[in-house]
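Hi everyone, thanks for coming.

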Amino acid sequence: MTTNNRANFGSKLGVILASAGSAVGLGNIWRFPYMTGEHGGAAFILVYLGCVLLFGAPIMMAEFLIGRRSQSNTARAYQKLAPGTPWRWVGRMGVLAGFLILSYYSVVAGWTLEYICAAGLGHFADKAPADFVNFYNSFVGHPWLPVVWAAVFLLITHLIVVKGVEKGIERSSKLMMPLLFILLLILAICSVLLPGAGQGIEFLLKPDFSKVDSNVLLSAMGQAFFSLSLGMGCLCTYASYFKPDTNLPKTAFSVAIIDTSVAILAGFIIFPAAFAVGIQPDQGPGLLFVTLPNVFQQAFGGVPFIAALLAVMFYILLALAALTSTISLHEVVTAYLHEEFNLTRSKAARLVTGGCLVLGMLCSLSLGLGKDYTLFGMTLFDLFDFVTAKLMLPLGGLFIALFTGWFLNKKIVREELTNRGTLHLRIYGLIIFLLKFVAPIGIAFVFINELKLL
Ligand code: TRP
């Protein structure tokens, strides 16, 4: 592919929305609340915000600059910028991480499809909180239904990646993202107003450091990377389509702010409601799915039609947010196989989809039929999540920071971050300091401390 025939994103807003579309997804609305619930609430959120600012934002800029400078997929990017060096393994590890994430992410994305149907068919009307827990448990434990939904979700992703209708997606996200945001805001207000919601608000705002367990730093750091789509070359690939005048630092800040606001809003939906109806915040991956139906039910139960309509709308928007994320994951792996192994794009995409189908099926079964089979004390689903979000992404981020901060020619870094000197960037020195020292040392510290490496 030459520079000339690479597509560009249409507008400034398009650039931000496409990157935000990758970033905003189940990571914010499903994963962030359950991680926060498992790690003690407000204290976890504080650590998380620190990770977004100190590691997330600068590493996102680094990925952007690597992608735009090299104009290629993530593995080749390192080969171009650092020919003949082992840096290309950073790209390759990213591709593998993307493949593994897509496998279990599709499972949860599939759940949203079941919930669209259940809400639309009125299955949630007149139900009590315990019924929602039963519904979730019997659905997730079902031998084939969640597998079918995961397959449907993967196939939709596949078709979009092969047919290249991302343009349509880019256009529709301009409508979808604001709509999702407004709906989240409405639901957060409803949730906060539920009787008994106060404890949930306290859980979110009042840090209780005694609830913090030993794993909190690693989990918060992993969540920051996962939620911002960082550490595996996803945004690097997107940035290869950016224009020369795209302001990289500003785009990174915008994406980080949008992504973080969505996560915090999701927290304000889940925890007030969970405490109001007596759901334990440390439920694990089911938290969103057992809590949210209560918000629709309790706030709008008097008018079942409105409750069902809002619920269907919400799950559709959630599925679409997940879709813009699965597309970005699929694209990274497909582009890599296509460009590096001389496969046609559709063959490459078929390999990715097929592989994810098999792994996704195993992940899904590991929550139901295969519950008793564990590896290192985790189900396969949890193991995939742990290995990718808590190990591979931060490790990828560490290397990206080192690459940009120490290895890459300073002139290239400056040219890209300031658009060849046309942008006046007051915090340039700070960004470089974060990339050179703070991010690598911070990530290494968390690894050493929490994985007991020394
Ligand atoms: N960030 C997305 C979410 O929050 C998921 C995702 C898309 C992702 N691309 C990624 C996570 C790349 C890690 C790396 O749902």
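Let me start with a question: in which helix is the place of Glu416? Glu416 sits in helix H17, residues 410-417; helices here are DSSP runs of H or I with at least four residues, strands are E runs of at least two, and both are numbered from the N terminus.

A word on the ground rules. This is a predicted model, where local features need pLDDT of at least 70, side-chain atom pairs count only at pLDDT 80 or more, and totals for chains, interfaces and linings use all residues. Residues are numbered from 1 along each chain as its sequence is written, and side-chain values use heavy atoms, with hydrogens and water left out.

Back to Glu416. At 5% relative accessibility, Glu416 counts as buried (buried is under 20% relative accessible area, exposed is over 50%, and partly exposed is in between, with a 1.4 Å probe and protein chains only). Leaving aside residues up to four places away in sequence, Glu416 touches Leu65, Arg68, Arg69 and Leu248, a contact being heavy atoms within 4.5 Å.

Arg68 and Glu416 form a salt bridge through their side chains, at 2.8 Å from N to O; the term asks for a side-chain nitrogen of Lys or Arg within 4 Å of a carboxyl oxygen of Asp or Glu. Since Arg68 lies in helix H3 and Glu416 in helix H17, the pair ties together parts that are 348 residues apart in sequence. Arg68 is buried too, at 7% relative accessibility.

Glu415 counts as buried at 18%, whereas Arg69 is partly exposed at 28%.

Glu415 also meets Lys411 in a salt bridge, at 4.0 Å from N to O. Both lie in H17, four residues apart, about one turn of the helix. Through shared partners, salt bridges join Arg68, Arg69, Lys411, Glu415, Glu416 and Arg420 into one network.

What about the phi angle of Arg420? Phi is near 55 degrees, a positive value in a residue other than glycine. Arg420 is in the loop between H17 and H18, and is exposed, with a relative accessible area of 61%.

Now over to H18, residues 428-450. A nonpolar surface patch of about 770 Å² is made by Phe253, Ile257, Trp406, Ile427, Leu430, Phe433, Phe437 and Ile441. For patches, residues need over 30% relative accessible area and no salt bridge; like charges are joined within 9 Å, and nonpolar side chains (Val, Leu, Ile, Met, Phe, Trp, Tyr) within 5 Å. H18 gives the largest share, four residues. Phe433 belongs to H18 and counts as partly exposed at 43% relative accessibility.

Finally, the whole chain. There are 18 helices and zero strands. Of the 454 residues, 59% count as buried. Along its principal axes, the C-alpha trace spans about 65 × 50 × 45 Å. Of the contacts with a separation of 6 or more, 82% are between residues 24 or more positions apart.

That's my tour, and I'm happy to take questions.

Notes:
Accessible areas come from the Shrake-Rupley method with a 1.4 Å probe; for residues, only the protein chains shown count as cover.
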